[in-house]
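Okay, thanks for making time, everyone. Let me put the structure up, and then I'll talk you through it.

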Amino acid sequence: MSSDYMIVEDHGTGGLLSKRLLDDVIVPKLKPVYLGKMEDSGIAPVLGNTLAMTTDSFVIDPIFFGNGDIGKLAICGTVNDLAVSGATPKYLTLAFILEEGFLISELSRILDSICKEAQEANVYILAGDTKVVGKGDVDKIYINTAGVGFFAPDQAPLSLSKINKDDHLIITGHVGNHGIHILSFRDGLGFETKVLSDCAPLNKVIQDVLSEFGEGIHYMRDITRGGVGCILNEIAAEIGFSIYLNESSIPMQQETVMAAEMLGIDPLYLANEGNLAIFCSPDISEKLVALLSQYDYTQNASVCGSVQATETTGTFLVTKEGSTRIINSFEGMQLARLC
Amino acid sequence: MKKYAVLTSNMQVAPANKHEARRESVKKFLPSLIDFLGVMRQKEIPVIHLQLAYDESDSRSKKPFGCYPPLVRGSDGVKLLPEMLQPNDIVIEKSRDSGFFNTDLDRVLKNLKVDSLIVTGMQAYSCVQFTAVDAFFRGYEVIVNCNAIGSTRDEDTEKAIKTMRKYCASVLESNEIYSLING
């Protein structure tokens with residue numbers, strides 16, 4: 001097994017081969033966004049006096065998909081988790097768990113992707129780690145990240161407690177596209193070129209809308225695993241109000257609807273990786289949608305629901321036919337490893 | 001004038017005998033499919049068999065297929081049902097649901113100047129349905145022969161017929177297809 005083109009056990013032992021992987025592959029590829037100094041800790045200045053911190057792990061299968069890869073997903077997923085709190089994402093850590101035999105050329109592609117997305121999101125890699133495990137102990141590559149973002153001194157984080165009765169709900173992109181793209185790419189369903197992943201860093205658009213609308217925006221969530229259905233249920237359970245969703249206003253791509261019907265899946269439970277649920281004052285919602293529609297990643301934004309006080313708290317769908325049905329959380333679906 | 005080809009999906013030893021319920025379901029449509037293919041061959045319409053087989057590097061090649069070993073290329077379970085196969089038929093290996101995914105199928109069809117596909121085989125709700133939708137997206141006219149498709153559960157076949165008819169295909173019986181082809 002050649003250490004020149006594939007990962008071997010000694011790449012993870014801390015010896016000369018580990019150093020060569022770092023010096024020859026990882027650090028050069030990440031140079032534009034790497035702030036670390038190859039010491040045990042990355043050191044960086046703190047901005048403001050409140051921070052947001054998140055961590056996430058990425059185990060997607062397949063690691064390369066039609067318009068992205070596990071590296072892009074790791075950066076965007078981490079950045080978006082920070083940005084929806086209102087924080088400005090700044091520093092990330094990256095930990096790779098690599099399977100023995102994994103091709104270094106594929107690792108290089110992933111590093112290129114990480115660098116590109118980090119540059120777009122204007123975040124820096126402050127620390128990293130690489131471990132190697134035996135053949136079959138992981139599937140090619142897993143990535144764990146941590147991310148830190150900062151709030152301006154006079155800025156309060158967005159929080160569930162800010163959601164009010166009569167708030168409007170905006171969904172910023174086509175529901176379920178990441179899920180359908182990955183399922184189709186994994187199983188060869190024929191939709192993989194028609195429905196692309198929406199994976200994207202949303203921090204720029206989030207910062208811009210927060211600057212423009214400030215206190216009018218009450219809360220945001222990154223719609224990921226569990227889809228719209230699960231996250232709205234989680235939110236409704238916390239806020240003590242009901243959320244009503246208008247089916248005819250939910251942004252959905254026709255091919256995604258088609259694929260979901262063929263698979264027997266409700267698209268409301270499909271994952272996104274670059275889609276937001278935004279709760280805002282009703283008086284700004286149309287202007288907010290108008291601004292969101294000017295950005296590539298949120299061009300399909302739509303006001304598609306509202307917060308209402310009801311006797312029984314829950315999440316409800318007002319169907320195209322005019323009837324109302326409960327949107328439940330699901331117990332579990334066999335849709336593993338989408339991120 | 002339209003140029004047709006027939007696709008069969010997964011008419012292979014292991015998929016057709018995965019378990020008792022599957023064997024029973026195949027019995028229901030196999031005679032119709034064999035008759036249909038016979039008529040198509042008489043009319044010199046190409047018959048293309050899509051054969052599910054995994055490369056040893058594919059993680060799916062490690063999983064048993066019902067009572068059969070994994071569907072690794074070259075294994076007994078991968079073989080096409082002998083009653084399906086004639087010498088001039090074309091066989092294309094695939095490793096996923098759609099027969100187009102990472103295969104030469106599109107190139108083969110273009111070389112044959114085919115513009116209309118008649119889709120048959122199993123399972124109706126997976127490989128048949130997703131080959132049909134992929135063909136539709138690639139610009140082929142798609143016809144599903146409802147006498148020559150099946151799934152372990154009849155209700156799954158009915159659901160697939162409904163969605164294919166709704167989105168991407170004409171669903172016709174064998175006799176209707178004969179009439180269509182005869183003009």
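This is a predicted model: local features need pLDDT of at least 70, side-chain atom pairs count only at pLDDT 80 or more; totals for chains, interfaces and linings use all residues.

On the contact itself, domain 1 of chain A puts in 23 residues and domain 2 of chain A puts in 22 residues.

How much area is buried between domain 1 and domain 2 of chain A? About 1800 Å², with carbon and sulfur atoms giving 60% of that. If you look at the domain 1 side of chain A, A:Asn67, A:Asn80 and A:Val84 supply 29% of the area that domain 1 buries against domain 2, more than any other three residues.

Now the polar side of things. Between domain 1 and domain 2 of chain A, the rule finds zero salt bridges. Polar contacts are there, though: 11 residue pairs across that interface in chain A, both residues at pLDDT 80 or more. As for which elements are involved, strand 2, helix 2 (70-83), strand 4 (88-99) and helix 3 (104-121) of chain A each give two or more residues to the domain 1 side that touches domain 2. Helix 2 of chain A has the largest share of that side, with eight residues.

On to the backbone. Most residues other than glycine have a negative phi, and most peptide bonds are trans. With that in mind, here are some exceptions.

The peptide bond from A:Asp61 to A:Pro62 is cis, omega near 10°, and A:Pro62 sits in the loop between strand 1 (50-58) and strand 2 (64-65) of chain A. Over in chain B, there's a cis bond between B:Met122 and B:Gln123, with omega about -15°. There, B:Gln123 is in the loop between strand 4 (116-122) and helix 4 (124-137) of chain B.

Then the positive phi values. A:Lys140 has phi near 70°, in the loop between strand 5 (124-133) and strand 6 (141-151) of chain A. B:Asn102 has phi near 55°, in the loop between strand 3 (90-94) and helix 3 (105-111) of chain B. Buried or exposed, for B:Asn102? Exposed, at 71% relative accessibility, while A:Lys140 is partly exposed at 35%.

Next, have a look at A:Ser242, in strand 9 (residues 242-246) of chain A. A:Ser242 is buried, with a relative accessible area of 0%. A polar atom of the A:Ser242 side chain lies 3.1 Å from the backbone nitrogen of A:Gly314. Beyond its neighbours within four places in sequence, A:Ser242 has contacts including A:Val307, A:Thr312 and A:Phe316.

How many disulfides does a search of the whole structure find? Zero, over all chains. Take A:Cys339: the closest cysteine sulfur is in A:Cys199, 10.0 Å away, so that's too far for a bond. In chain B, the sulfur of B:Cys168 is 14 Å from its closest cysteine sulfur, in B:Cys146, so again too far for a bond. A:Cys339 is buried at 16% relative accessible area, and B:Cys168 counts as buried too, at 6%.

That's my tour, so over to you.

Conventions. Residues are numbered from 1 along each chain as its sequence is written. Chains are lettered from A and ligands numbered from 1 in the order in which they are written. Side-chain values use heavy atoms; hydrogens and water are left out. Helices (H or I, at least four residues) and strands (E, at least two) are DSSP runs, numbered from the N terminus. Buried means under 20% relative accessible area, exposed over 50%, partly exposed in between (1.4 Å probe, protein chains only). A polar contact is a pair of N or O atoms within 3.5 Å; within protein, one must be able to donate a hydrogen and the other to accept it, and residues adjacent in sequence count only if both atoms are side-chain atoms. Contact means heavy atoms within 4.5 Å. A disulfide is a pair of cysteine sulfur atoms within 2.5 Å. Buried area is the accessible area (1.4 Å probe) that two parts lose on being put together, summed over both. A salt bridge is a side-chain nitrogen of Lys or Arg within 4 Å of a carboxyl oxygen of Asp or Glu.
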